[in-house]
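Reader: Hi! Could you walk me through this model, starting wherever you like?
Author: Happy to. Here it is.

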Amino acid sequence: MRQPATALCTLAAAACLAAGTVQAQSPNIENLKQMKLSGVDPSMPPVPQEGKNAAALRENLKRIKLPPGFRIDLYAVVPDARHMAVAPSTNMLFVGTRKNTVWAVTNRNSGDVATEVKPFAPSAKFHVPNGVCWTKDGFLIVVEHNRVLNFPAAEFFYEGGDVAVIEVVPQGKLIPPEEESFNHHARTCRVGPDGMLYITLGQPYNVPPRNKLDLFTKVGIGGIVRMNPFDGSKREVYATGLRNSVGLEFNPKDKTLWFTDNQTDGMGDDIPAGEINRATKPGQFFGYPWKQGRTRITDEGYDKDPLPPNITDPQVYMDAHAADLGLAFYTAKAFPAKYQGGLFSAQHGSWNRTKPIGARIMFTSLKADGTADKTEVFAEGWLDDETGVYRGRPVDVAVAKDGSLLISDDFAGAIYRVTYAP
């Protein structure tokens, strides 16, 4: 119920709205922190996995083109499925959304499809819980628009409406409440090799006004922040110079952090180029809003300024406005050697282009030094080239325990499973 109110609020009133939300939610969260009952209805009907909708989704998958030997199937019907977190110890998957639900996707028989999909922790009253990720010891992190929660052993204690929770960042403390917006508010997260929690913070403008730059740099808006995943301490800004990253992943081989960035709108069909970036150390600056892709940004006169020094350029330049989102390094052995150690990424698809583009899965191979080599289309067909109609919009990719590749689709409300058999 909060999102329409937020859209109607002026920036001056947003702080008051956020304060009211804290008061409304804190008793519930306090009960969960103390492992007390919240009073939420424990009955959580599962999402139907068969019927006309599932049959239509399977029919749509017949249009998807893959390299020889690969096959794609429907894994689960999951409404509004966005970013995914594969459970460390069970055949479970937790899926975030841009609405108010985190989904628990269970595969009880270790088969080819999920056996149950139902809401996770409804008593937490989520608001845009897009970002989901795991700590090394099995704590599930959920990053909302302006709050961060941590759920101990979520894959083992997910059946009821109430679950134990750690409030890492309280409501209204991830970004200043007056900077809340309906634009670029979907967060993504990963726990790094250093044990710290990394979070993307998209900036809430097409191009940020100059009078916001100092604040955004200080807070980490338009960048990536990191912090202790249990109490939010040791927070620092890790990377700056981004517009709106909605996907990040660590390369397990060299521990570098890779992330996407979405382009400035209104500059034309073919500029700026999409980006996949690589951070090798804290403090790197990736150019925005002075530069994106290979293009200078004209709004606010940024193109008239000298380029700031020490810009780290993208590793991969993607097609403009294809909306590059989730990433996953392929760490399993089930796919051919060509794909092992490489990077899969999802393109959500354009909304602001004369001829639509995207809605596909890309693959980027790496050189021996860990930098990007070649990028190619891996899976496509969700966008009908003749009509321009989307039959799906991929959001995220994840490697399952059996080495298959999972793909989330928030438009179709589904998760797909890609397997390989020579």
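**A hairpin and its sheet**

Author: Let's begin with a hairpin: strand 23 and strand 24 form it with five residues between them, and Gly370 in the turn has a positive phi of about 90°. Strands here are DSSP runs of E with at least two residues, numbered from the N terminus. This is a predicted model, where local features need pLDDT of at least 70, side-chain atom pairs count only at pLDDT 80 or more, and totals for chains, interfaces and linings use all residues. Residues are numbered from 1 along each chain as its sequence is written, and side-chain values use heavy atoms, with hydrogens and water left out.

Reader: Thanks! How many bridges join strand 23 to strand 24?
Author: Six, and the two strands run antiparallel. One of the pairs is Arg360 with its bridge partner Glu380 in strand 24. Two strands count as paired if DSSP finds at least two bridges between them.

Reader: And which sheet order do they belong to?
Author: An open sheet of four strands in the order 21-22-23-24, with antiparallel pairing. Strand 21 (324–329) and strand 24 stand at the edges with a single partner strand each, so one side of each has no neighbour in the sheet. On average, neighbouring strands of this sheet are turned by 25° against each other, direction ignored; the axes are lines fitted to C-alpha atoms, and angles run from 0 to 180 degrees between N-to-C directions.

Reader: What about strand 22 and its pairings?
Author: Strand 22 (residues 343–347) pairs with strand 23 in the antiparallel sense over five bridges, and Ser345 stands opposite Met362. Four bridges join strand 21 to strand 22, also antiparallel, with Phe329 opposite Leu343.

Reader: Why is strand 23 largely enclosed?
Author: Six of its seven residues (360–366) are buried, so the rest of the structure largely encloses strand 23. Buried means under 20% relative accessible area, with a 1.4 Å probe and protein chains only.

Reader: Switching topic: which residues touch the most other members of the largest nonpolar core?
Author: Val105, Phe344, Phe378 and Trp382, out of 47 residues. Strand 1 (residues 70–77) gives the most to this core, with six residues. A second, separate core has 20 residues, including Phe94 and Phe126. Such a core is a set of buried Ala, Val, Leu, Ile, Met, Phe, Trp, Tyr and Cys residues joined through side-chain atoms within 4.5 Å.

Key. Buried means under 20% relative accessible area, exposed over 50%, partly exposed in between (1.4 Å probe, protein chains only).
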